[in-house]
Amino acid sequence: MPGPAEAPPTTAVAVAAALLEASHRSATARERRQQRRMAAVVADKDLRELTFALTDEVLRVDEPQRAAARFATVVADIGAPRSLGLLDRSMLVVGAKLAPLVPRLVMPLVRARLIRESNGVVLPAGDPGFADHVARRRTEGFRLNVNVLGE
């Protein structure tokens with residue numbers, strides 16, 4: 001019997017479908033909400049661009065004043081996508097205006113929200129759980145494609 005890396009494409013598709021169905025069945029209400037939010041990101045070009053810019057250009061800046069300036073610029077350039085709810089759009093616009101004025105107050109809130117929204121999708125490179133997952137998959141014969149922010 002071929003290993004996972006050698007499985008015929010039809011088998012791989014069937015395994016992927018079964019895993020996806022099992023994942024949907026066991027998802028919590030919180031996970032389903034996050035899935036809907038991530039689906040909105042994938043479906044909306046502007047929201048996708050905003051999300052990538054915020055995670056790639058704002059999250060990686062540790063110094064609050066610089067992060068605030070970048071946050072304000074990103075929001076000014078991209079705007080608040082209509083696919084966001086009214087509350088999220090309002091918080092985004094108000095936060096981007098306030099961030100340069102009070103970066104030590106606003107940027108921890110922005111950072112916390114971005115991390116919460118990307119939890120499970122964007123992982124820290126040094127996460128031991130992720131390293132364990134990669135090692136387990138490798139020993140099972142799977143290869144992973146990991147995208148690093150900033151590439």
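Modeller: Start with Val 102, which is partly exposed at 34% relative accessibility. Buried means under 20% relative accessible area, exposed over 50%, and partly exposed in between (1.4 Å probe, protein chains only). This is a predicted model: local features need pLDDT of at least 70, side-chain atom pairs count only at pLDDT 80 or more, and totals for chains, interfaces and linings use all residues. Residues are numbered from 1 along each chain as its sequence is written, and side-chain values use heavy atoms, with hydrogens and water left out.

Colleague: Where is the place of Val 102?

Modeller: Helices are DSSP runs (H or I, at least four residues), numbered from the N terminus. Helix 5 spans 86-98 and helix 6 spans 103-118. Val 102 sits in the loop between helix 5 and helix 6.

Colleague: Which salt bridge does Glu 57 form?

Modeller: A salt bridge is a side-chain nitrogen of Lys or Arg within 4 Å of a carboxyl oxygen of Asp or Glu. Glu 57 meets its partner at 2.3 Å, N to O. The pair links distant parts of the chain, helix 3 and helix 4 (residues 64-78), 13 residues apart. The bridge is Glu 57 to Arg 70.

Colleague: Is Asp 88 buried or exposed?

Modeller: The side chains of Asp 88 and Arg 113 meet in a salt bridge of 2.8 Å, N to O. That pair links helix 5 to helix 6, 25 residues apart. Arg 113 is partly exposed, because its relative accessibility is 22%. Asp 88 has a relative accessible area of 17%, so Asp 88 is buried.

Colleague: Which residues are linked with Asp 88 in a network of salt bridges?

Modeller: Side chains of opposite charge can pair when their charged atoms come close. Here the salt bridges link up into a network around Asp 88.

Colleague: Why are Glu 21 and Arg 25 separated by about one helical turn?

Modeller: Their side chains meet in a salt bridge at 3.1 Å, N to O. Both lie in helix 1 (residues 9-26). The separation is about one helical turn because the residues are four apart.

Colleague: What lies 2.9 Å from a polar atom of the side chain of Thr 55?

Modeller: Thr 55 is in helix 3 (residues 45-58). Thr 55 is buried, because its relative accessible area is 7%. The backbone oxygen of Phe 52 lies 3.3 Å from a polar atom of the Thr 55 side chain. At 2.9 Å is the backbone oxygen of Thr 51.

Conventions
Helices (H or I, at least four residues) and strands (E, at least two) are DSSP runs, numbered from the N terminus. A polar contact is a pair of N or O atoms within 3.5 Å; within protein, one must be able to donate a hydrogen and the other to accept it, and residues adjacent in sequence count only if both atoms are side-chain atoms.
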